[in-house]
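Biologist: Could you show me how to read a pocket and a core in a model like this one?

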Amino acid sequence: MELDHVLIAVSDLATAGQGLEERHGLTSIEGGRHGGLGTANRIVPLVDTYLELVAVVDEAEAAGSAFGSWVASGEIPRLLGWCVRTDDLDAVAGRLGLSIADGSRTRADGAVLQWRMAGIEMSREEASLPFFIEWGPGTPYPGAASAQHRIGAPKIDELRMAGDPDRLERWLGGAQLPIAICEGAPALDSVILSAGEVQVVLDRSL
C-alpha cells in the first residue's frame, strides 16, 4: 500500500486552482468529469502522489452517489479525505468486508482513466480512515502528469490527523505510510508538503 492522493472539496475548480497557485506555488491541471458521480476535478501532480481538487458539477447526480454526496456535505473548501492505492483491492476489500465500485473519467485529451475503489462510505464517516483505490491496467497515473510548480518539485511529507490510532493501523493492515495521528474526533487536519527548503502547510484554511 502507498499514499495515492489527498482530496480537497471546493466550490469552483478554476478559482481553487488559482488560489493554490497564488498562495502556495502549486500548479493544478484540468482533470475531468467523474462518470455517474456528479463531480469533476483538477489535479496537482506530485509524481508519485497528488492533490485532487474536487467539486460538484451536477447536484442531482451527486446526490445519488456516495462520493458525490460526500463532496457536497460539510464546509467548502475543506480537506475532504485521503486515498491509499493497492495492487490487490480484492484482498483489501475482503479483509475489511468492503464492497468494490468502478470509477472512470475522461481527460480533456480524450484519455480514459479507470479504477476500482472501496471504503468511500467509511472514509466519509471517519475522516482519519482512507479509502482504497486500484488503478486500471494501462491507466495513466494522475500524479505523473506534467506540471511546473513555482516552488520547484513538491512532495507530501506527512498527513496529520486525529482519530483512533489502533483502528487506523488495523484498517491499513499495518502498512507504513507518511501519517501522524493523535487521539481525538476523526479529522484530517493538515497536509505537509516540501520542495527543498520550502514548506507548504495545507490545513482547514487552505
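Modeller: Gladly! By class, eight nonpolar, two polar and six charged residues line the largest pocket. Nonpolar covers Ala, Val, Leu, Ile, Met, Phe, Trp, Tyr, Cys and Pro, charged covers Asp, Glu, Lys and Arg, and the others, Gly among them, are polar. This is a predicted model, where local features need pLDDT of at least 70 and side-chain atom pairs 80 or more, while totals for chains, interfaces and linings use all residues. Numbering runs from 1 along each chain, and side-chain values use heavy atoms, without hydrogens or water.

Biologist: How much space lies in the largest pocket, and which residues are closest to its centre?

Modeller: Rolling a probe the size of a water molecule over the atoms shows where empty space is left. A pocket is an open set of points on a 1 Å grid where a 1.4 Å probe fits, with protein on both sides within 12 Å along at least five of seven lines; lining residues have an atom within 4 Å of a point. Here the volume (space filled by probe spheres on points joined across faces, edges and corners) is about 280 Å³. Of its 16 lining residues, Arg78, Leu79, Leu80, Ala127 and Leu188 are closest to the centre.

Biologist: Which residues have the most contacts inside the largest nonpolar core?

Modeller: In soluble globular proteins, nonpolar side chains tend to be buried together. A core joins buried (under 20% relative accessible area, 1.4 Å probe, protein chains only) Ala, Val, Leu, Ile, Met, Phe, Trp, Tyr and Cys through side-chain atoms within 4.5 Å. The largest has 39 residues, with Leu51, Trp82, Ile156, Leu159 and Leu202 having the most contacts (heavy atoms within 4.5 Å) inside it. A second, separate core of 19 residues includes Leu113 and Met117. Overall, 50% of the chain's 206 residues are buried.
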